[in-house]
Amino acid sequence: MDIFENMMIGTIIYFVIGIAVSILNYKSITKRSEFPIHMLQLEGYETEEYTKWIAENKSKMNKFVYEKAIEVKSPLVWTDRAKRLLKRHQATNIIFISALLIVGFVGFLFNPALGFAFLILSNIVLYYYQYKVLEISNNRQVPVEEKINMGFYTNAQGKIRELKKDGLKVLGITGSFGKTSVKFISDTVLSEGLRVKNTPSSYNTPMGLSKVINNDLDKSYEVFIAELGAKKKGEIDEVAKLVQPDIGIITAIGPTHMHLFKTIENIQNTKYELIENLPEDGVAIFNYDNDYVKPLSDKTKIRTINYGIKDIEKLDVYAKDITVDENGSKFTLGVKDIGEIPCESKLLGVHNISNLLASACAGYVLGLSLEQISAGIKKVEPVEHRLNIVDSGTGVIVIDDAFNSNPVGFRAALDVLNEFKSGRKIIITPGMVELGDIEEEENEKVASEIAKVCDYAILVGPNRTKPIQRGLEASGFAKENTFVVESLTKATEVLGSITKPGDIVLFENDLPDNYSES
């Protein structure tokens, strides 16, 4: 057998083995990519934020690299975008695998052992570092997504414009907190006299709203309710230009997403983008009890409606004669132009009266009577994960406030817990997040409130709850009644060992899967 025949046989063997290795690697890569795609999805498909998350979560990434189980609260949602990203990622891997096969072959021609070693080792590296390859895949996919998104956005914008010609009114709602609750409350209240189209869950981005507008909104509706969310300046403006609101509500402003906004003034300016997009005959509705919202109302030139429960002589819509207990609230609703009416609600806490008032303002502007508004308030059901009571079936009362948390909301939840006059009170919390430079201080401060109300505290995250641990200790809270655990799963195990019928448990905040325990 001559040298040429040997080379041909060697080449065939190399490519048979190489292609077999590459196919096996490619097939395993799809499953291997699910966790990093999930984290990228939670970071809004922003490569920079995803890269930062990887750097801050070395323990999770080590588990991923070495194929150890990673506990997640919610699975990857295979949206159309996630599916498109997976296809792009598969294509990126084909390019890498093909390049490795060719480079390995060149090495094989000079040194067969070296060529084979390179092929095997490089495929192993490619397999283990899929989370880094995903960054390349995502960057390649971004221009495609931007083009797709602009098409959806433009179609939805045009559809709203046409529906408004037929009389559609758009209610836009924003704020640091309370906006999702006000959205769902407004849906119930306004439905007493109008045909309303609401958006599901926390749909508050251009693409989420575009999907609802393009697929579900039609001439049969008289009002469209749009929640407007933002994590940086300009994002409210983008969503407002999409939905074209006639009425705008700013529910509250506080130190949320401070790691992104940096200052309260930046948050104020961003939320005010909603008001800046209202027409000259539009109506701006403000929570006048909120110190950061009040100045925004004061500078507004178009028609304004201020609501609240303090200084009612300065308000257009107000609540008085308020009583709150573990069953909900009762109060007198006042609208300066049309009078007062008694109201009752199943919602827990004084802060929810503020949310009810925001929706009452919208009802008033859109022509509902006091009787219709009161009837709607009575029908409002608690929003999931926002201070709603869950029947545990064990005689233990569970208050679920796990959606999010901020200094105002945390204290409001503790006030609700304190309304229960019997039974031991237990809190499970990882503390507050996304408060920037004030996060440690606020968590330490809220610990003193926990100490006043609670009998037991179960803290999730040994590192990130250190400020609460310090605050509890400084407040003289019993050490034996403080439990520090690594996960929500461990927290529920502890809870099961200490609870008895009649206890009240508050779940306050629940960190997403992509949040760092640091």
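**View 1. Surroundings of I249 in the predicted model.** Leaving aside neighbours within four places in sequence, I249 is in contact (heavy atoms within 4.5 Å) with L171, G172, I173, T174, V182, L274, I285, Y307, A358 and A362. The model is predicted, so local features need pLDDT of at least 70 and side-chain atom pairs count only at pLDDT 80 or more, whereas totals for chains, interfaces and linings use all residues. Residues are numbered from 1 along each chain as its sequence is written, and side-chain values use heavy atoms, with hydrogens and water left out.

**View 2. The largest nonpolar core.** A nonpolar core is a set of buried Ala, Val, Leu, Ile, Met, Phe, Trp, Tyr and Cys residues joined through side-chain atoms within 4.5 Å, where buried means under 20% relative accessible area, exposed over 50% and partly exposed in between (1.4 Å probe, protein chains only). The largest such core has 38 residues, and I249, V317 and L333 are those with the most contacts inside it. Helix α14, residues 350-365, gives the most to this core, with eight residues; helices (H or I, at least four residues) and strands (E, at least two) are DSSP runs, numbered from the N terminus. Another core, of 31 residues, lies apart from it and includes V170, A230, I267 and L278.

**View 3. The loop that holds H385.** H385 is found between α15 (370-379) and β10 (388-391), and is partly exposed, with a relative accessible area of 32%. Beyond its neighbours within four places in sequence, H385 is in contact with D400, D401, A402 and F403, while H385 and I450, 65 residues apart in sequence, are 20 Å apart in space, C-alpha to C-alpha.
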